[in-house]
Amino acid sequence: MNKPLRRASVFSLLLVLALLAWTTYVQLARGESLREDPRNARVAISEYAGPLGDIIAGGKPVTGSAATTGDLKYKRTYTDGKLWAPITGYASQSYGSTQVEALERQVLDGSDSRLKNPLEAVTRERSKPGDVLTTVDPAVQKAAYEGLGNKTGAAVALDPTTGAVLGMASTPSYDPGTFAGSSTADQKAWTALQKDDKQPMLNRALRQTYPPGSTFKVLVAAAALENGLYSSVDEPTKSPDPYRLPGTVTDMHNENRSAPCENANIRTALQYSCNTVFAKMAVDLGQSKVAAEAKKLGFDDAKLDIPVRAAKSTYPSGMNDSQTALTGMGQFDVTATPLQMAMVSSAIANDGKLMTPHEIDRTTDGSASALDRTSAKTYSQAMSKHTASELQSAMRTVVDQGTGTNAKIPGVTVGGKTGTAQHGENNSANPYAWFISYADAGGGHKVAVAVVVEDSDAARADISGGGLAGPIAKSMMKAALADTGS
């Protein structure tokens, strides 16, 4: 063999060896990642080759699957999609998946290794899909969604003793079934939702933060009691009316100029929602002590997963005293999700112990045997039992005699706090209407709720937490406690 031919042969052999090495590397080292890459069409073909497992609430599926024509044999369907979208998220052949649909995708599409029998493990065939059972009570979910109606806002209900999410609504909502497929109609529905200025696909209960307004006053009161600034909700405070913001020439007044806010105790200050009392209380405590209490209740937690991740609620730092005063009434740069404020109410209702919120009870295999269960978990001891008891009592006064009377439920102990938070530059936009509450029907049957109405057709003068958000909270609490006979 002459030299040029020998060189060509050696070079060709090296190319073959390189190709074999690369093929082996791809198959062994990168095979799994390439198989699961969402850009791989085979992933979607496999994912939608059969019916998906279901997301279940109250023992009934709120999702389904329907046969289609084409490479993707099935697509996701939804029952009352707008009602359940804040819980389920969406699963779309064209646009991927979100929330529970995404986080539990391997259970729902049958690819979870725990679903495989020995034969399937060898053949790598897709197993029969599993189901996801949520903690949500359909009656509470319906009460929240219908209560919000055509308003823009959100509502959350928690079981204070376990942290289970009983309801989570966000309006306006969307129907994930309208773009679950890959047709032209699905594409048009998706595009319309993306262009909608009202952002129906935003989960306001989890992902939108608002100034909490006067609902934050219960947290400031908790900090005052925990730090010994006052011993009970009936001890008079040292609170002038009006209150001059420190370092300024600006006097803070109360919404109701005739309210008995001067030196009012915490019970009266919550009943009449005295801005002056809680502004001065925040300054007297100092921002670090208010921040410490806020942190115990979930503020500034950037990794709160239920398992869907919630936006971080924040209590600001680096403030001067006048800014700290404004945080005492839930303004300045204080922000909170509806979930966060439900957590505040939940901790108070549960004698100071805050349970970690969760919306999935368990996942099951194709035979309904549990793959995993969510156990109740303590988030923090947010306050002492004494402090919680004092605040429970004061919040009952708000409902019995104060601004929260619209939330009364006969035969049930109800406590609450209203809030109207400023919105827009120089408070130019309609304010947000808040209501947080708890209800106790006895025998361990409790529920904690937070409702925010971001926008409604009410005149500005008629916007109040008690008037707009209170009745929604009441209907949710009644639904949650219906099985107790209340």
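Modeller: A cavity is a set of grid points where a 1.4 Å probe fits but cannot get out. In this predicted model, the count comes to one cavity of 30 Å³ or more.

Colleague: What is the volume of the largest cavity?

Modeller: The largest cavity has a volume of about 30 Å³.

Colleague: Which residues line the largest cavity?

Modeller: Lining residues have an atom within 4 Å of a cavity point. They are Gly 298, Asp 301, Leu 304, Ala 310, Ala 311, Ser 313, Thr 337, Leu 339 and Gln 340. By class, four are nonpolar, four polar and one charged.

Colleague: Why is Gln 99 called buried?

Modeller: Buried means under 20% relative accessible area. Gln 99 has 16%, so Gln 99 is buried. Gln 99 sits in helix 5, residues 99-103. Beyond four places in sequence, Gln 99 touches Ala 85, Pro 86, Ile 87, Thr 88, Gly 89, Asn 203 and Val 308.

Colleague: What makes the pair of Gln 99 and Asn 203 a polar contact?

Modeller: The cut-off is 3.5 Å between N or O atoms, one able to donate a hydrogen and the other to accept it. The two side chains make their polar contact at 3.2 Å, so the distance falls within the cut-off.

Colleague: Which residues have the most contacts inside the largest nonpolar core?

Modeller: Phe 278, Met 281, Phe 299 and Leu 339, in a core of 76 residues. A second, separate core has 29 residues, among them Ala 157, Val 412, Phe 435 and Ala 480.

Key. Residues numbered from 1 in each chain as written. Predicted model: local features only at pLDDT ≥ 70, side-chain atom pairs only at ≥ 80, totals over all residues. Heavy atoms only, no water. 1 Å grid on protein atoms, 1.4 Å probe; cavity = no way out; pocket = protein on both sides within 12 Å on 5 of 7 lines; lining within 4 Å. Points joined across faces, edges and corners; volume = space filled by probe spheres on them. Nonpolar A, V, L, I, M, F, W, Y, C, P; charged D, E, K, R; others polar. Helix = DSSP H or I, 4+ residues; strand = E, 2+ residues; numbered from the N terminus. Buried < 20%, exposed > 50% of the residue type's maximum accessible area, 1.4 Å probe, protein only. Contact = heavy atoms within 4.5 Å. Core = buried A, V, L, I, M, F, W, Y, C linked by side-chain atoms within 4.5 Å.
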